Amino acid sequence: MPVIAIVIGLAAGLVVWVVLDEIQSRQVARIFDAELQDQLDLQAREGLIRFDRYLAGYGMTTRLLANHRRLAEYLEPRVWSKAEGGKPLVYREFRPFWLPDFFARDAQCPPSQVLLTDLEGRVREVYQTGTAPLPAAFAKRIPERFLDAAAVRTVLLKLDAVLYLLVSDTVEDSAGYHMGYLVVLVPIDQAFLAASQRGVDPNRSAIALVDRGDQRILASVDAANLVPGTTPDQWGDGYVVTTQPLPDYAGADDNLLFATFVTQSNVERMSRHVRIFEHRQRLFLALVYILVFTWVIYLVSSRLNRILKRMTRFSQRALGIPEPGFQRTGNQLLLLEEWIAHFTQLVLKAREEMSRRHQAEMRESEALKAAMMEASLDAIVTLDHQGHIIEVNPAAERVFGIERAQIIGHPFGERLLPEVARTAFRRLLDRSRHDGLEPAGRGELVALRGDGPEFPVEISIVPIDLEAERFYTLYIHDITQRKQAERDIKSLARLASESPSPILRVSAAGQIAYANNASRPLLLGWGTEQGGALPAEWATEVAEALAQGEPRERETALGAQVYALLFAPFRDLGYVNIYARDITAVRRAEQASRQHQAELVHVSRLSTMGEVATGMAHEINQPLSAIVNYANGCTRRIQGGQGTADDLLGALSQIASQAKRASEIIRRLRALVGKQPPIRADVDLNHLVREVCSFVEFETSKLSIQIELDLAAEPIPIHVDLVQIEQVLLNLVRNALDALEEAPQPERRLLIHTGVSGAQAVVAVRDSGPGVEPERLKLLFDPFFTTKEGGMGMGLPISQTILENHDGRIRAESTPGQGTVFHVTLPLAEPTADADPEPPPPAAGATP
């Protein structure tokens with residue numbers, strides 16, 4: 001019977017093990033899969049949060065750069081022309097003065113380009129950090145959708161098959177005047193993604209940005225294994241892939257997905273460890289069950305055997321019954337069944353006890369794992385009930401700058417906190433011991449790094465009760481950057497009150513909500529104060545600025561002061577900021593500059609007329625000689641009694657005609673030389689060309705040159721100051737004549753062409769002189785640069801100034817050895833309702 005008991009015990013234990021293994025394997029697999037999916041989702045969310053915080057760091061850095069004192073000082077004297085097509089200033093070999101190196105300080109990937117644009121988005125200056133070229137889409141202008149005058153704009157976009165992070169913010173000069181935008185371009189590549197996931201083991205998980213449309217990887221943290229251009233499905237055999245939409249960035253490409261790749265080997269390794277652990281537990285349980293069951297049945301069967309043997313011997317002695325051996329009767333089987341049932345209950349109780357202990361061990365293990373994973377982005381430190389360190393995560397080693405082996409077993413307060421913070425930590429620890437107290441042990445302290453310096457941290461203490469002992473989990477967050485940001489924000493908040501320029505905030509109803517100290521003269525001039533209402537005129541400007549949502553600039557004169565006002569609307573908040581600048585000195589300087597310019601133009605005109613004085617004297621001498629000859633002829637005829645009255649009248653008529661010709665020449669000379677305020681009128685451009693040609697008749701005859709005129713068939717009306725434009729044309733013609741002196745006499749040619757191109761009148765003065773070298777051609781319009789001996793170098797600069805005041809342009813083209821041509825453009829006069837007046841007739845002798 002003992003042998004049968006052993007066989008039955010083994011068979012029963014094997015059956016129990018097989019059944020439990022099948023049932024519990026499925027249950028454990030289901031629980032493990034659910035827990036594994038939760039862990040994968042948690043890693044994916046943590047990766048996206050780290051990526052989002054990294055992008056936010058670029059936004060904060062760009063805001064600091066845009067509001068830096070260096071940039072404001074650099075922009076203070078800067079005046080950008082509104083003309084299109086100009087090339088931006090590019091810094092390649094060095095960093096510009098206005099750009100501090102904040103990116104290296106904040107451990108951020110350097111941008112490929114930092115752009116400085118004007119208010120229109122035109123690129124004015126470019127800081128090029130590497131060899132990657134500026135995207136063609138941003139070579140000249142940044143699109144308006146990437147710029148926001150009210151806030152920092154952070155955009156993810158794809159340019160030329162490359163992903164970029166674009167961050168922009170407004171820039172102002174020292175007076176608070178809005179000058180344009182600071183734009184930062186950072187390529188999103190392997191280094192960028194690796195920096196955003198700093199502290200994460202790339203062998204366990206990786207991230208990538210995926211195009212939602214064609215499901216292709218655009219950039220990954222491990223380009224060698226996760227090759228850009230492939231799809232996540234191609235890596236399904238080696239990774240578990242989780243994709244999430246990116247947070248909403250204004251203007252960003254919404255076709256991007258954030259993908260997290262967890263290696264299959266780590267998942268399979270974890271699954272294999274769990275399965276092996278569960279198999280061992282069930283095998284151990286089955287072995288215990290078999291041993292207990294077999295031992296119980298063996299003891300019972302042995303006892304029954306002894307009882308049966310004694311009963312057999314007693315029956316044999318008392319009744320003479322023959323020895324039945326070990327044959328079982330009905331009563332003996334019932335007794336055996338009772339013993340089996342009893343021991344079965346004992347085995348079940350033992351199994352339940354072992355299961356309870358196993359579940360308690362699992363709960364302890366899961367509680368410790370969950371506590372380590374809840375705040376994996378921050379430092380996690382586990383303490384025993386005495387405050388000694390028993391475990392730290394990798395983030396704690398990075399935050400405190402110390403290795404795990406150097407702090408395990410040490411008291412937390414004495415090892416990682418300065419003396420001044422230990423008392424506060426003990427209070428937090430005592431506070432966490434009281435159940436139900438809110439908030440449980442949380443506060444800000446000062447901690448120590450391994451190399452000595454102190455830094456601020458935010459600490460949260462969570463108690464964990466395991467059986468009869470209590471542990472503490474510390475979640476520690478380094479708040480150094482947050483404290484710095486708070487200080488920066490406070491400093492920026494004081495900027496308005498400390499600004500030397502007036503700054504006001506006005507509601508939609510025209511109520512002055514805020515005005516800094518510098519606004520006092522402005523408020524006194526308007527007859528109001530903070531909390532009062534703006535004058536009706538300016539309240540209307542505020543309402544229109546809010547309605548249009550665009551900044552507006554106005555000027556106002558208050559007594560002897562002149563202010564420039566910038567109305568910056570914030571429609572979502574319902575108010576307008578008014579930024580004012582005292583531009584009285586600027587306006588006075590402009591007026592003085594215009595006066596000095598007019599005097600300089602007059603001096604240049606006197607110099608020019610002094611040079612042509614000889615020619616003018618020769619021209620005046622001709623009509624005077626004719627007058628003398630006609631007068632002498634009349635005298636001789638009267639004295640000799642010859643000639644009729646008609647002959648004398650004809651001679652007197654010629655005298656009057658020649659006198660008028662001389663008077664006209666003197667009038668034109670006085671008009672050119674005389675100092676008078678600029679007077680603009682509608683004149684014919686062809687008439688001006690003929691007038692100028694008449695001034696240089698003496699020089700052309702001396703050089704044996706006949707000026708070739710290619711004038712438009714119809715009059716070309718322009719609205720200009722006649723004297724100043726004649727001065728420009730005279731300078732160009734005389735420069736051409738000076739150049740022709742160096743050419744052989746048969747090759748001397750001077751051509752003047754006029755015409756109309758669109759809404760512009762065109763004049764071209766071409767000579768066949770020796771020409772100008774390319775390197776000297778660039779300097780022709782610089783003050784005091786001259787190619788003539790004894791020249792002042794002011795003729796062309798003054799001519800350029802006169803044309804710019806008339807909204808015109810001048811440019812030069814030259815081919816050495818073939819000649820030079822100057823092109824002048826002026827706006828056509830606007831047609832009036834009345835018929836255009838007839839152009840004045842050319843002066844006598846004006847035709848070359």
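This is a chat about a predicted model of one protein chain.

Me: What sort of model is it, and how are residues numbered?
Reply: It is a predicted model, in which local features need pLDDT of at least 70 and side-chain atom pairs count only at pLDDT 80 or more, while totals for chains, interfaces and linings use all residues. Residues are numbered from 1 along each chain as its sequence is written, and side-chain values use heavy atoms, with hydrogens and water left out.

Me: How many helices and strands are there?
Reply: The chain has 21 helices and 27 strands. Both are DSSP runs numbered from the N terminus: helices are H or I with at least four residues, strands are E with at least two.

Me: How much of the chain is buried?
Reply: Of its 848 residues, 41% count as buried. Buried means under 20% relative accessible area, exposed means over 50%, and partly exposed is in between (1.4 Å probe, protein chains only).

Me: And what about the surface area?
Reply: The chain exposes about 46400 Å², with carbon and sulfur atoms supplying 55% of that. Accessible areas come from the Shrake-Rupley method with a 1.4 Å probe, and for residues only the protein chains shown count as cover.

Me: What share of the contacts is between residues 24 or more positions apart?
Reply: Such pairs account for 60% of the contacts in the chain with a separation of 6 or more. A contact means heavy atoms within 4.5 Å.

Me: Ok, helix α9. What is its span?
Reply: Helix α9 covers residues 419-432, which is 14 residues, and reaches 21 Å from its first C-alpha to its last. That is close to the 20 Å expected at 1.5 Å a residue; the expected span is 1.5 Å times one less than the number of residues.

Me: Which of its residues are buried?
Reply: A421, F425, L428, L429 and S432 are the buried residues of α9. They are on the same side of α9 because they cover an arc of only 100° around the axis, where the arc is that of the directions from the helix axis to the C-beta atoms.

Me: Why would residues a few places apart point the same way?
Reply: An α-helix has 3.6 residues a turn, so residues three or four places apart point the same way.

Me: What do the buried ones pack against, and what is on the other side?
Reply: They pack against β11 (379-383), α8 (412-416), β13 (442-448), β14 (454-466) and β15 (469-478). On the other side of α9, E419, V420 and R427 are exposed.

Me: Which residue does E419 meet in a salt bridge?
Reply: The side chain of E419 meets that of R422, at 2.8 Å from N to O. A salt bridge is a side-chain nitrogen of Lys or Arg within 4 Å of a carboxyl oxygen of Asp or Glu. E419 and R422 both lie in α9, three residues apart, about one turn of the helix. E419 counts as exposed because its relative accessible area is 57%.

Me: How many salt bridges are there in the whole structure?
Reply: A search finds 20. One of them joins E544 and R552, also at 2.8 Å from N to O. E544 is partly exposed at 34% relative accessibility, whereas R552 is buried at 10%. Elsewhere, salt bridges that share partners join E444, E458, R482, K483 and E486 into one network.

Me: What about D148?
Reply: D148 forms a salt bridge with R153, with the closest N and O atoms 3.6 Å apart. D148 is partly exposed at 24% relative accessibility, and R153 is buried at 13%.

Me: Change of topic. Where is F102, and is it buried or exposed?
Reply: F102 lies in helix α3 (residues 102-105) and is buried, at 13% relative accessibility. Leaving aside neighbours within four places in sequence, F102 is in contact with T61, L64, L65 and H68. F102 and T62 are 40 residues apart in sequence, and their C-alpha atoms are 8.9 Å apart in space.
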